[in-house]
Amino acid sequence: MDKKLDTDSLEIRVQALENRLYGERRTKSGKPVKCAEALVRIQGGLINTANKRERVKILHKKIEDLMKYLDPQFTDHITLPDAMKLEFILAEEDSLLSEAALLEQVNNLQPLLDSTHIRDVPEHATKLQRLSQIHIKQQDQTEAQSQEVKKLFEEYNKMMFLLSKQFTQWDETLRKMEEAKGIRLVE
């Protein structure tokens, strides 16, 4: 009897909801519109559409997978037993031992990092900075000196060319004068 009351109460509530949604509308046959029937019809149409389209099927499959991953109990299923974890550790034993050896080597070299030479680096850094500035200044001076030497070489070459040209002209003039006087050179 209690079930009947619950069912009647539920039906009254659904009918009130339908009246709110649809008001006095009726179907083509004149019956009042029922939400449940409309929802069943819509669901059937969506299922037919989904079955006809391959992409929709794939999407539904992915949604099911996502729902599975979102389930809080899923992490319980994917956790590994201790035996499996032990197998993973044993499989990586060689690389773990080599890493441990490298860490031991770093630990043994730690005193070198704590030496006075390493601790004095900041003091030497200021000296190095000062020397770097001097070096940069000397590089600039060297560049200026190189430009000056290049300029002097160009002037020297120009002067030698002009002197050579002048000597050639004097030689030519002297030769013409000697020919005019009849002096022959012994070659």
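Q: What kind of contact do the side chains of Glu172 and Arg175 make?
A: They meet in a salt bridge, at 2.5 Å from N to O. The term stands for a side-chain nitrogen of Lys or Arg within 4 Å of a carboxyl oxygen of Asp or Glu. Keep in mind that this is a predicted model: local features need pLDDT of at least 70, side-chain atom pairs count only at pLDDT 80 or more, and totals for chains, interfaces and linings use all residues. Residues are numbered from 1 along each chain as its sequence is written, and side-chain values use heavy atoms, with hydrogens and water left out.

Q: Where do Glu172 and Arg175 lie?
A: Both are in helix α8, three residues apart, about one turn of the helix. Helices here are DSSP runs (H or I, at least four residues; strands are E, at least two), numbered from the N terminus.

Q: OK, and which residue does Glu179 meet in a salt bridge?
A: Arg175 again, at 2.8 Å from N to O. Glu179 and Arg175 are four residues apart in helix α8, so about one helical turn separates them. Put together, Glu172, Arg175 and Glu179 are linked in a network of salt bridges.

Q: Is Glu179 buried or exposed?
A: Glu179 counts as exposed, because its relative accessibility is 51%. The cut-offs are under 20% relative accessible area for buried, over 50% for exposed, and partly exposed in between (1.4 Å probe, protein chains only). Arg175 is partly exposed at 35%, and Glu172 is partly exposed too, at 33%.

Q: How many salt bridges are there by this rule?
A: Three. One of them joins Lys127 and Glu123, whose closest N and O atoms are 3.8 Å apart. Those two also lie in helix α8, four residues apart, about one turn of the helix. Lys127 is partly exposed at 39%, and Glu123 is partly exposed at 45%.

Q: Switching topic: how many aromatic pairs does the structure hold?
A: One. Phe167 and Trp170 form that pair, edge-to-face, with 5.6 Å centre to centre and 75 degrees between the planes. For the rule, rings of Phe, Tyr and Trp (its six-membered ring) pair if their centres lie within 6.5 Å; planes under 30 degrees apart count as stacked, over 60 as edge-to-face and the rest as tilted.

Q: How are Phe167 and Trp170 placed in helix α8?
A: They are three residues apart, so about one helical turn separates them. Phe167 is exposed at 52% relative accessibility, and Trp170 is exposed as well, with 51%.

Q: Which residues form the nonpolar patch on the surface?
A: Val149, Phe153, Tyr156, Met159, Met160, Leu163, Phe167 and Trp170, with about 860 Å² of accessible area together. Patch members have over 30% relative accessible area and no salt bridge; like charges are joined within 9 Å, and nonpolar side chains (Val, Leu, Ile, Met, Phe, Trp, Tyr) within 5 Å. The areas come from the Shrake-Rupley method with a 1.4 Å probe, and for residues only the protein chains shown count as cover.

Q: And the whole chain, how many helices and strands?
A: Eight helices and zero strands. Buried residues make up 4% of its 187 residues. The accessible surface is about 18300 Å², with 60% of that belonging to carbon and sulfur atoms.

Q: Which elements have the lowest and highest mean pLDDT?
A: Helix α4 (residues 74-78) has the lowest at 66, and helix α8 (residues 121-181) the highest at 93. pLDDT is the predictor's confidence in each residue, from 0 to 100. The chain's mean is 83, and 89% of its residues reach 70 or more.
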